[in-house]
Amino acid sequence: EKLKDEADAKKKKPEFKINGRVHLDNWNFLDSDAGINFLESGNPVDDPENRWDFRRIRLEIAGTVPGNMLYRIQIDFNNPSSAEMKDVYLGFNNLPNNQTFLIGNQKRPIGLDHLNSSRHNVFAERPLAVETFNEDARRLGACMYGHNDSESINWRYGGFLLENISTDGRYRGDFHEAGLYGRLAASPWYDEISGGRGYYHCAVAGSFNAVDGDGTTDLDQNSNESRFRTRPLARSDSRWWDTGRILGANNYEQLAFESMLNIGALQITGEYISTWLQRDAVGGFNGEDLHFHGGYIFANYYLTGEHVPLDRTSGTIDRVKPFENFFLVDRCNGGRGRGMGALSLGLRADYLDLSDSDIRGGDGYALTAGANWYWTAYSKVQANLITGEINNAGQGRSAVPLAAGVDGDFSILGFRYMIDF
Amino acid sequence: EKLKDEADAKKKKPEFKINGRVHLDNWNFLDSDAGINFLESGNPVDDPENRWDFRRIRLEIAGTVPGNMLYRIQIDFNNPSSAEMKDVYLGFNNLPNNQTFLIGNQKRPIGLDHLNSSRHNVFAERPLAVETFNEDARRLGACMYGHNDSESINWRYGGFLLENISTDGRYRGDFHEAGLYGRLAASPWYDEISGGRGYYHCAVAGSFNAVDGDGTTDLDQNSNESRFRTRPLARSDSRWWDTGRILGANNYEQLAFESMLNIGALQITGEYISTWLQRDAVGGFNGEDLHFHGGYIFANYYLTGEHVPLDRTSGTIDRVKPFENFFLVDRCNGGRGRGMGALSLGLRADYLDLSDSDIRGGDGYALTAGANWYWTAYSKVQANLITGEINNAGQGRSAVPLAAGVDGDFSILGFRYMIDF
Amino acid sequence: EKLKDEADAKKKKPEFKINGRVHLDNWNFLDSDAGINFLESGNPVDDPENRWDFRRIRLEIAGTVPGNMLYRIQIDFNNPSSAEMKDVYLGFNNLPNNQTFLIGNQKRPIGLDHLNSSRHNVFAERPLAVETFNEDARRLGACMYGHNDSESINWRYGGFLLENISTDGRYRGDFHEAGLYGRLAASPWYDEISGGRGYYHCAVAGSFNAVDGDGTTDLDQNSNESRFRTRPLARSDSRWWDTGRILGANNYEQLAFESMLNIGALQITGEYISTWLQRDAVGGFNGEDLHFHGGYIFANYYLTGEHVPLDRTSGTIDRVKPFENFFLVDRCNGGRGRGMGALSLGLRADYLDLSDSDIRGGDGYALTAGANWYWTAYSKVQANLITGEINNAGQGRSAVPLAAGVDGDFSILGFRYMIDF
């Protein structure tokens, strides 16, 4: 029978499925101080521009080839003349202990909100700390994914190069800037009877990274990857929190905690991430060890009663299915049909401190009020109102130590129109 | 039953279909005066280069998600290292009154020839006036599409941002350069008995637009979108008719008329479009209101007897199906099979006047003799011989008022090899 | 019946299939002399950078339209922000004498190793002579492909433009730099009984080319396409063998011979290619006719007993199917299943001489030891260890005649992780 199975497998052809998503953003910078203007444009009187962006125009082809292997190619055309790769990998599935091993461009396992798909997250942009300490998430690496048979525990661990190759597909350099990453997640409470409307998920993750602190001052082509930065929870031109590339950096380590409690229509989620960095004194910087950290907590509630499902095998959230779609149609029998869709409201508090010793990367917080109006399980509109404050920032616009940091307040209103298939 | 329908709908998965097209062009600039050489290259002795271009290498994925929503992603790789987006939208169909509402990058409803697909148009490039007054047609906007139950009337109306974001996918700027657009089309005569071989289509369309006449002279990132320009019905490097970005422009309005009469194998089509622009006196320009206008008329005849079908729900032309495909094959029984395909001949007269007051955008005409040899319903070769004259042009190469315009004659021969699927 | 067939054909819709491949490379430059460093970076002390590259992220859509026509669109996203076209064509199949005629971007028929798919070749990169004398292989052209009924003979012949338009999709220039190409291949011995485990393939190919030897020194936009160059069998930044664009070139002619003997698991393959170029004395160069040439021979053996199949209709190699896939899975019945995949070892000797008269393009050789570990018929990992020597090189970094050439030795170790579907 074993032989027969394999003979059958050999006869099979590769298989594929096609998916995609369109996310269209409208961001309005309602209010910004001179300090914020400087962080955005370098000019204190040039405020952030309002904008309409295709945030994602993503096509994906994924599938299997006969003999327990799989592949995925995901290209994002949000900027059509300069496309980006997202997941691009090949690998083995059905390995012992429910494991899958992937080689290629894939997400580093730091930050629940980054591991969640952008299709499913309840706020438009990812939290300050999650985006800062795992910028753009995906890197070239090799990673093992697995879970136990009861699905109560799942894990990921692997090695990744640190340079982001999403636009050019190539890592060049004699110094291998790389890190070891791991994440262990559990869902100790999961209410099977209600179909998963109640659960508690928690996880711990960490990394060890070696960086090339002299960057492009030597002959190797490595850029110094010890840089931590993020936009203000909206699609600004510049990153307002930004340490710059930290000269003289040798290594950094990360530790991250996740907690997600779901009780029916209500979810309360928080994460906290710390990064410790060791460096030498170079270029006028004092060489002291650095500690950056941040986190967030949010509550989200479905007025229409739906819930956010948990995928227990990966430790991430899954697609929300409205009880009723939004629609307005003429019925065959003459009447007019209406549906309202689903509605959720949420509030998130973000904190991020990238200022330590003589590095003034920014220390601040933000509050985000968010609403999701689900038209269908595959489409929705998001509204996010963000207000925040940043202090002691500006390192990202300077190659030398700053005498003083830049401060400023901001408020931003954004809308995202989303469909995926 | 209603509940059952919706229950079924919820079980359904998103669906997609894939389409595409390849258009390969060969353009030969047979003859050009010194004035034309200047408009093309800036150098009166450097004549336009002959060329082979992939005009379109377009892939499209479109479909529906459960709950009367739809999406479309269309990317053109004619310049593979710098792709463009075409239609990229999401929306609702089956709305009351046979309506569909789309949000995203889509065609503005000005000019029949632009609303027709490039797969179906009988001349290789679009008429001077249609391309000038609706350059590249697609913009980011929200538009409603509908028709009455008898399909004798159809309409489109919506709002669009004026900047063309096809290459970068993003609109940046604190000034919302935008317009309101509408088109009402009718087919008062449509001969059902002959399967639509006889019909008359007419339409009126218009727009109101607000533009940022100071362009990049202030801090906002808006470019001044009051610019009207077009190539000479062929793929030259430069636009020979070109008003440049009209400094001090505030608003412009458009009015367009369409007429298409089809009697069996013969079709006679014409359009006329006017644009009125209001401006302030800035930068040496006199600030007088401007009127630009143009139109075309063509006759096209199928020697092999086919006809151009009308899509009455959208007010555009549809795919021509040859009575016999072109082929040359060995038969199983030893003989050799031959088919000739379909053949049409057409003649188009174009007129366009972009010179008014102190703006010398060019005033001229062109004659196009065109032949279409259909290999199959999905493939054909087009030949276009164009001869024309342009006077009082050159504004597009100058930021200040010109003392005198540039004149010139030209003739161009082009071939296009086309397939779509 | 003929009429019925055609009526059926007309009812049919276009069809498509989707394919793709991911090739991920890791190249390590183990050793390089100062001369090699200069050829790579222009700086004798800046050695080649180690690297991880996505070598290919290719998506393909191909199919037919009703009425014996076909199309293919192949885009490579290995550098996502700057994609390339590969095959992009339309054409006719089922022509008399088993012929297919294609118009568009397609491979020029010089060099067996270039006509073989990168999915199937046994060494990671193509031989020096094959890549040099048919750089990147694909050009815009029209080509006929056919074979006799017994499949013992096949042929290709056509005309091609010489400029590589893979990144911009457009050929511009009043001078048509073009060539006529042909290849005649035969498989006089093919052992049907063993399913093609034994065969002998041989072929002769040639070309006549006209080039624009004044390049961009005149007003036409043609680049001088008389340039022959290649990387060192690995993905270096620069081409180490490089004649530069040969000033004053008028024409060049090519002659190529192929021989491939397969006896079960063993294959012995060799090719030899000559190029003769005629030129005028311009810019300090002496104008003497030039002769460049090179070739290779390799032996490859499957330790696990598989063989490389021959596609007799195209004269190229086909997909290797491992007797057993590589896998490690838990069985339902509790045991653990293992498979080893297939393994081949090969050795290739390359020779290339691009130094003649006053052109110092490089004269050298390389040895490549290669291993292929096939995980499945659709995936494998390749390891290549390359060592070589180059003399009298450097013309590619100079626009004037060199007083002396550059010499150097090198060794390189590379790995490629591959999947296709």
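Which residue of chain A forms a salt bridge with Arg172(B)? The partner is Asp53(A), and the closest N and O atoms of the pair are 2.8 Å apart. A salt bridge here is a side-chain nitrogen of Lys or Arg within 4 Å of a carboxyl oxygen of Asp or Glu. By this rule, 2 salt bridges are found across the interface of chain B and chain A.

The model is a predicted one, in which local features need pLDDT of at least 70 and side-chain atom pairs count only at pLDDT 80 or more, while totals for chains, interfaces and linings use all residues. Residues are numbered from 1 along each chain as its sequence is written, chains are lettered from A and ligands numbered from 1 in the order in which they are written, and side-chain values use heavy atoms, with hydrogens and water left out.

The interface can be taken up from the side of chain B. In terms of contact (heavy atoms within 4.5 Å), 50 residues of chain B meet 44 residues of chain A. The buried area, that is, the accessible area (1.4 Å probe) that two parts lose on being put together, summed over both, comes to about 3900 Å², with carbon and sulfur atoms giving 64%. There are also 12 residue pairs in polar contact across this interface, both residues being at pLDDT 80 or more. At least two residues each come from α1 (2-11), β1 (15-32), β2 (51-65), β3 (69-76), β4 (84-95), β5 (99-107) and β8 (170-172) of chain B. Of these elements, β4(B) gives the most, with 7 residues. The residues on this side of chain B divide into 25 nonpolar, 14 polar and 11 charged. For this count, Ala, Val, Leu, Ile, Met, Phe, Trp, Tyr, Cys and Pro are nonpolar, Asp, Glu, Lys and Arg are charged, and the others, Gly among them, are polar.

Strand pairing also links the two chains. Helices (H or I, at least four residues) and strands (E, at least two) are DSSP runs, numbered from the N terminus, and two strands pair if DSSP finds at least two bridges between them. Strand β2 (residues 51-65) of chain A pairs with β8(B) in the antiparallel sense over 3 bridges. Within this pairing, Trp52(A) has Tyr171(B) as its bridge partner.

Inside chain A, β5(A) (residues 99-107) is largely enclosed by the rest of the structure, because 8 of its 9 residues are buried; buried means under 20% relative accessible area, exposed over 50%, and partly exposed in between (1.4 Å probe, protein chains only). β5(A) has an antiparallel partner in strand β4 (residues 84-95) of chain A, over 6 bridges, with Tyr89(A) opposite Gly104(A). These two strands form a hairpin with 3 residues between them, and Asn97(A) in the turn has a positive phi of about 65°. β5(A) also pairs in the antiparallel sense with strand β6 (residues 138-147) of chain A, over 8 bridges, where Lys107(A) stands opposite Arg138(A).

Asn28(A), in strand β1 (residues 15-32) of chain A, is buried at a relative accessible area of 16%. Its side chain makes a polar contact of 3.2 Å with that of Asn26(A); such a contact is a pair of N or O atoms within 3.5 Å, and within protein one must be able to donate a hydrogen and the other to accept it, residues adjacent in sequence counting only if both atoms are side-chain atoms.
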